[in-house]
Amino acid sequence: MAAAVQVTWWGHSTAWIEDSGVRLLTDPVLRDRIAHLRRMRGPTPHLPGTPDAVLVSHLHADHLDIVSLRRLPERVALVVPAGSRPFLRRRLGAAGAARAVELAPGEEFQLDAVTVRAVPANHDGGRGPWSRHRAMAIGYTVHGRANTWFAGDTGLFPGMADLGPLDLALIPVGGWGPTLGVGHLDPVQAVEAARLAGPRYAVPVHFGTFWPAGLRFRRGMFHEPGQRFVTHAATAVPEIRATELLPGETLAVETVR
């Protein structure tokens with residue numbers, strides 16, 4: 001068997017996915033501070049090259065970071081939720097908006113040998129309470145030699161059972177502060193998401209990276225969600241290989257397809 005897909009987690013929701021020669025970058029935050037949030041663990045991402053496309057799950061600043069997008073070459077496609085283009089036009093100009101590929105759940109974007117499909121997410125899609133810009137929040141499944149689910153940021157939703165078959169799932173298990181609001185998963189809920197979706201491999205993301213400046217860590221909210229997810233998955237869904245990565249580490253997923 002040969003490695004069909006490799007995923008490198010750079011912290012929070014930023015991951016580098018390689019499948020069938022196509023390189024995808026999810027929710028890129030390529031710097032160490034976003035507003036009041038500071039990177040508290042892991043290196044500043046150093047990408048191995050230029051991605052073919054960026055997959056953005058929703059407009060929140062810790063998922064759609066304009067400064068990070070400006071660091072990427074203009075030839076990189078921006079795959080974004082339907083309704084995002086007005087915000088991109090305002091922040092990236094006409095050229096930035098023109099290279100955006102808007103997708104609603106069920107819609108697809110073909111990139112060489114890989115198909116990117118938008119899937120639902122249970123999460124608020126607005127930029128924030130200070131902004132009038134809104135778009136739906138989505139996740140993505142990536143179909144090449146492997147089937148990969150990047151959940152973005154989401155709570156549980158019934159359609160998780162319809163996402164498969166999946167080889168790999170990148171599942172949010174926490175957040176960036178001392179509480180989790182509606183539309184998020186804690187480690188136990190994330191295991192339920194894995195049970196519903198049924199991937200062969202699962203990697204916890206969206207935890208242990210950023211924290212509000214000046215606010216003391218709560219270890220249970222910052223350091224522990226990934227391991228709690230892995231430990232609970234080993235009992236609840238032992239057929240799924242749950243693996244916690246450190247920021248910058250890579251997992252190779254084997255498949256016979």
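The buried residues of α3 are Pro187, Ala190, Val191, Ala193, Ala194 and Ala197, where buried means under 20% relative accessible area with a 1.4 Å probe and protein chains only. These residues cover an arc of only 155° around the axis, which puts them on the same side of α3; the arc is that of the directions from the helix axis to the C-beta atoms. This is a predicted model, in which local features need pLDDT of at least 70 and side-chain atom pairs count only at pLDDT 80 or more, while totals for chains, interfaces and linings use all residues. Residues are numbered from 1 along each chain as its sequence is written, and side-chain values use heavy atoms, with hydrogens and water left out.

- Helix α3 (residues 187–197) lies across β12 (147–150), β13 (166–172) and β14 (199–205), and runs at about 160° to β13, an angle taken on a scale from 0 to 180 degrees between N-to-C directions of axes fitted to C-alpha atoms, for helices over the stretch in contact.
- The cover over its buried residues includes β12, β13, β14 and α5 (225–236), with contact meaning heavy atoms within 4.5 Å.

Ends of α3
- At the start of α3, a side-chain oxygen of Asp186 comes to within 3.1 Å of the backbone nitrogen of Val188.
- Just after α3, Gly198 adopts a positive phi of about 70°.

The sheet
- Seven strands form an open sheet of mixed pairing in the order β9-β10-β11-β12-β13-β14-β16, two strands being paired if DSSP finds at least two bridges between them.
- Its edge strands, β9 (108–111) and β16 (241–242), each pair on one side only.

Conventions:
Helix = DSSP H or I, 4+ residues; strand = E, 2+ residues; numbered from the N terminus. Buried < 20%, exposed > 50% of the residue type's maximum accessible area, 1.4 Å probe, protein only. Polar contact = N/O pair within 3.5 Å; in protein donor to acceptor, adjacent residues only side chain to side chain.
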